[in-house]
Amino acid sequence: MAYYVTTPIYYVNAEPHLGHAYTTIAADVLARHMRQRGEDVFFLTGTDEHGEPVALAAERLGTTPRELADRNAVRFRDLAQQVDATNDFFIRTSDEQHVAAVQEVLSRVERGGHVYLGTYEGWYCPRCADFKTEGELIDGNRCPIHKIELALEREENYFFRLAAFQEPLERLYAEHRDFVRPENRYNEALAFIRQGLNDISLSRSQLTWGVPVPWDERHVFYVWFDALLNYYTALTYARPGEDLTGRFWPATVHVMAKDILKFHAVIWPALLMAAELEVPKRLFVHGYLLMEEEKMSKSLGNVIDPFQVMELYGTDALRYYLMREVSFGQDGSVSPEGFETRYTTELANEYGNLASRTLAMVARYRDGMVPAGEAPEALVRDFAGLDERVRERFDEVAVTAALDEIWRLVRRLNQYVQDEAPWQLAKDDDAADRLDQVLFALAEGLRVVTVLLHPFVPESAERLLAALGDEDMSLDRARFGAGSGGTRIGELPPLFPRVARAAAA
Ligand code: MSP
C-alpha cells in the first residue's frame, strides 16, 4: 500500500529549532515504520520560501529574499539530515517546477469560477502572513501569536470563494470522521467551519516575492496557497521524468502542529476540491513542545538547540526523548533535566545495559553463540500481540503510545534478568539447559524490541541487531520466537555512554 507522509514546509526566515526537528522526527518515525511493514512509502519535507515574512527578514538583513532562502534552506536540509530523516525529497517552494505547477493548479481553480477580484481590508500580521479577525486580536490591535501591533490594511486582491465550500467541507467531515486527528482537533476544525466561512485573499499586490498570478502579473499568490500546494506539486517532479502523483496522491497523512490547523483543515481541502483533486486521507495535529510552559519558538527567544543535544548525546537520544517525553498529539514540557533523566534511566540503563549485559553473558558463558533454546512460556505470553499492538498504534499515528508498548517489554526483559539471575545459573553445572533458555530468551527478546525500536533509534538499533547477528529489520521478524538462536554475536561498544555532566551544561 502507498503511504505518503509529509511535514509542514518550514519558513526560511527563521533558523531551524527543536520544534522543527520534532515534527520531522515524528514523520520520519512513521515513514521508517511503514517501510518496515513493506509499504510503498514517500516522505516529504522542505521549505516555505515565499511571502512577506521572508521578504521582510531579508530586508532587515540587507540581502535579497532569494539569497536568504538559499542560505536557510540549506540549514533546514541539514537539520533533516542530522536527525537522520529518510525523506524521499526536499521541496523548496522556489523550485521552478513547483512555481509552474502552482500556476497550473490555481489557473484551473480560477477557470472553475472559484476566484474573483475584490478589495481586502483587515488586520494583517506580516509575521504570520495572515489577516486576523477582530476577535482574534489582543490588547486592541496586537497579533495573538507575535504580540506585535498590527496595521489595518486595504488592497486589491483576488479572492478564493472559500465560503462556497462550507457545505462540501461539512460533508467531508461527516463522511471522514478521522480526517483530522486527535479528535479534539477534528472538533475544533469542524466548529470553525460551522461558524461560517469568509472568502479569503488568494493574492497580494504589494509584494513581488512569490508565485506570479498567471492571469494578472501585478499580483503574486498569497503564500499559503503556494505553500499548501507543495504536498501535491512535489510528486510531479521529485523524480525526474516520472510523475508520482498516481502512485502517492492523495497523501496518507500530513503531520503538523496546531498553529497551522486552520490552513490545513479548512483552506487546504477546499482548495483541492476547487481544483478537482482528491483531499488527503488524514491530518495529524501534534501539540507544542513547551519550555517552561511557553510555546517554544524563535520569535519568543527561548529556543533550545537540538544540534547541541545531538552532538553530545547522539541523534538517537534526541529522537527517543522527543517521541517518548511528549505524548504525540498533546502539548508537553521538555527540558535539559528531563532529557538527562530519560537518557540515563531509560536509554543507558534499561536498554543499553540490557544489551551489553546480554551480549557479555552470551560471550562469557556460551562462547559468543546465542544458544538455540526453547522460549520460556512467561515471556512468550508477555510478548504475544506486541507487534500487532504497535502496528495499531502506528495506524492511529500514536507514535508515543507505540513507543510505550515497546518500552514495557524492555522493562519486562530487565525484570526477567533480575528474576533468572543467569550469573547464578552459570555457577551450577546442572542448570546448563536453563541457562541456555534464559540466554536465548534474552537475546531473542532484545532482538524483537530492537526491530520495533528501529524507527525511533535507527542507528543504535542497527548496531545492536548487527551485534546480535540478525540484521533483518522487517516487521514480520518482530515476533518472539521468529529468531531461533544459533547466531554468533559481535562486539558492541556502549549504545548510550555516560556523558559528563559538565560537558552537557
Ligand atoms: N511555512 C508554514 C507551514 C506551511 S505548510 C504548507 C509554517 N512554517 S513554520 O516554520 O512556522 O513551521 C511550523 C511548524 O513547525 C509547526 O506546525 C510544527 O510542525 C513545527 N513547530 C514549530 N515550533 C514547534 C513547537 N514549539 N512545538 C511543536 N512543533 C513545532 O508554519
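Student: Where is P250 found?
Tutor: This is a predicted model, and in it P250 is found in the loop between α9 (245-248) and β11.

Student: What about the peptide bond from W249 to P250, cis or trans?
Tutor: The W249 to P250 bond is cis, with omega near 5°. There's also a cis peptide bond joining R181 and P182, where omega is about -10°.

Student: And where does P182 sit?
Tutor: P182 has its place in the loop between β7 and α6 (183-194).

Student: OK, strands now. What's the strand order in the open sheet?
Tutor: Six strands make up the open sheet, ordered β3-β2-β1-β11-β12-β7, and the pairing is parallel.

Student: Which strands stand at the edges?
Tutor: β3 (89-92) and β7 (180-181). Each has a single partner strand, so one side of each has no neighbour in the sheet.

Student: How many bridges join β1 to β11?
Tutor: Two bridges, linking β1 (residues 2-11) with β11 (residues 253-257), and these strands run parallel. T6 stands opposite H254 in β11.

Student: Which strands does helix α1 touch?
Tutor: Helix α1 (residues 18-36) packs on the sheet and touches β1, β2 (40-48), β11 and β12 (283-286). The direction of α1 makes about 170° with that of β1.

Student: At what angle do the axes of α1 and α12 cross?
Tutor: Roughly 90°, and the axes come within 10 Å. Angles of 65 to 115 degrees count as roughly perpendicular, so that's the label for α1 and α12.

Student: Which residues make that contact?
Tutor: From α1 you've got L18, Y22, I25, A26, D28, V29 and R32; from α12, L318, R319, L322 and M323. By class, the α1 contact with α12 has eight nonpolar, no polar and three charged residues.

Student: How many residues of α12 are buried?
Tutor: 10 of the 11 residues of helix α12 (residues 315-325) are buried, so the rest of the structure largely encloses that helix.

Student: Which ones are the buried residues?
Tutor: For α12 they are T315, D316, A317, L318, R319, Y320, Y321, L322, M323 and R324.

Student: Left-handed or right-handed, when α13 passes α16?
Tutor: The crossing is left-handed. On the α13 side the contact is made by E346, L347, E350, Y351, L354, R357 and M361. On the α16 side it's W407, V410, R411, L413, N414, V417 and Q418.

Student: What's in that contact by class?
Tutor: The contact of α13 with α16 has eight nonpolar, two polar and four charged residues.

Student: Backbone angles next. What's phi for D139?
Tutor: Phi of D139 is positive, about 45°, although D139 isn't a glycine. D139 lies in the loop between β5 (130-132) and β6 (151-160).

Student: Is D139 buried or exposed, and why?
Tutor: D139 counts as exposed because its relative accessibility is 65%, where exposed means over 50%.

Student: And V397, what's its phi?
Tutor: V397 has a phi near 60°, again a positive value in a residue other than glycine. V397 lies in the loop between α15 (386-395) and α16.

Student: Buried or exposed for V397?
Tutor: V397 is buried, with a relative accessible area of 2%.

Definitions and conventions
Residues are numbered from 1 along each chain as its sequence is written. This is a predicted model: local features need pLDDT of at least 70, side-chain atom pairs count only at pLDDT 80 or more; totals for chains, interfaces and linings use all residues. Side-chain values use heavy atoms; hydrogens and water are left out. A crossing is left-handed if the near helix is turned anticlockwise from the far one by less than a right angle, and right-handed if clockwise. Helices (H or I, at least four residues) and strands (E, at least two) are DSSP runs, numbered from the N terminus. Contact means heavy atoms within 4.5 Å. Ala, Val, Leu, Ile, Met, Phe, Trp, Tyr, Cys and Pro count as nonpolar, Asp, Glu, Lys and Arg as charged, and the others, Gly among them, as polar. Two strands pair if DSSP finds at least two bridges between them. Axes are lines fitted to C-alpha atoms, for helices over the stretch in contact, and angles run from 0 to 180 degrees between N-to-C directions. Buried means under 20% relative accessible area, exposed over 50%, partly exposed in between (1.4 Å probe, protein chains only). Angles under 35 degrees count as roughly parallel, over 145 as roughly antiparallel, 65 to 115 as roughly perpendicular and the rest as oblique.
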